[in-house]
Amino acid sequence: MLPSKKPVRMPMVARRLRDPDINPCLSESDASTRCMDENNYDREKCSTYFLKYKNCRKFWNSVMIQRRQNGVQPSMPTAAERDEILGAMGKMPY
C-alpha cells in the first residue's frame, strides 16, 4: 500500500501575495518575474516592468493612505473595487 501524499501548501505569506484582493499589483509583479525568467535575469532588459510595478505600488499605496485617512475600511480596495476605480479613471494611472 502506497503512503498518501499530503498536498504541498504554500506558506501564508506567499498565499497572501498571490491573493488579488490583497496584492493590487499582482499582474505587474508576474510580468516582471516572467521578464526576468525570459531574459536570463538581466535586470536592464526588464527595467520597464520594474518601473511599472513600482508606479503601481505607489498609486495603490496613496489610495490606501487616503482611504485610511477618510476612515474607509478596508483601507486597500478589493479587486472588484479596484476595477471600478480604474474604470472610472478611463486609463491606467501607472
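Let me begin with Ser75, which is buried, with a relative accessible area of 15%; buried means under 20% relative accessible area, exposed over 50%, and partly exposed in between, with a 1.4 Å probe and protein chains only. Please note that this is a predicted model, in which local features need pLDDT of at least 70, side-chain atom pairs count only at pLDDT 80 or more, and totals for chains, interfaces and linings use all residues. Residues are numbered from 1 along each chain as its sequence is written, and side-chain values use heavy atoms, with hydrogens and water left out.

Ser75 sits in the loop between H3 and helix H4 (79-89). Helices here are DSSP runs of H or I with at least four residues, strands are runs of E with at least two, and both are numbered from the N terminus. Leaving aside residues up to four places away in sequence, Ser75 touches Val63, Met64, Arg67 and Arg68, where contact means heavy atoms within 4.5 Å.

Three of these neighbours lead us into H3. Among the buried residues of H3 are Val63, Met64 and Arg67, together with Cys56, Phe59 and Trp60. What do the buried residues of H3 pack against? They pack against H2 and H4. H3 itself has 23 residues and reaches 33 Å from its first C-alpha to its last, close to the 33 Å expected at 1.5 Å a residue; the expected span is 1.5 Å times one less than the number of residues. Just after H3, Gly71 adopts a positive phi of about 80°.

Consider next the meeting of H3 and H4. Their axes come within 13 Å and cross at roughly 105°, which makes H3 roughly perpendicular to H4. Axes are lines fitted to C-alpha atoms, for helices over the stretch in contact, and angles run from 0 to 180 degrees between N-to-C directions. Angles under 35 degrees count as roughly parallel, over 145 as roughly antiparallel, 65 to 115 as roughly perpendicular, and the rest as oblique. Here Phe59, Trp60 and Arg67 of H3 meet Glu81, Arg82, Ile85, Leu86 and Met89 of H4.

The other partner is H2. H2 and H3 pack at an angle of about 160°, with their axes 9 Å apart, and are therefore roughly antiparallel to each other. The contact involves Glu28, Ser29, Ala31, Ser32, Cys35 and Met36 of H2, and Tyr49, Phe50, Lys52, Tyr53 and Cys56 of H3.

Turning to H2 on its own, the 13 residues (26-38) should span 18 Å at 1.5 Å a residue, and the end C-alpha atoms are 18 Å apart, which agrees. Which residues of H2 are buried? They are Leu26, Glu28, Ala31, Ser32, Cys35 and Met36. An α-helix has 3.6 residues a turn, so residues three or four places apart point the same way. The cover over the buried residues of H2 includes helix H1 (12-17) and helix H3 (47-69).

Ser27 also lies in H2. Its side chain makes a polar contact of 3.1 Å with the side chain of Glu28; such a contact is a pair of N or O atoms within 3.5 Å, where within protein one must be able to donate a hydrogen and the other to accept it, and residues adjacent in sequence count only if both atoms are side-chain atoms. Ser27 and Ala80 are 53 residues apart in sequence and 15 Å apart in space, C-alpha to C-alpha.

Finally, H2 is followed by Asn40, whose phi is positive, near 55°. Asp42 is placed in the loop between H2 and H3 and, at 28% relative accessibility, counts as partly exposed.
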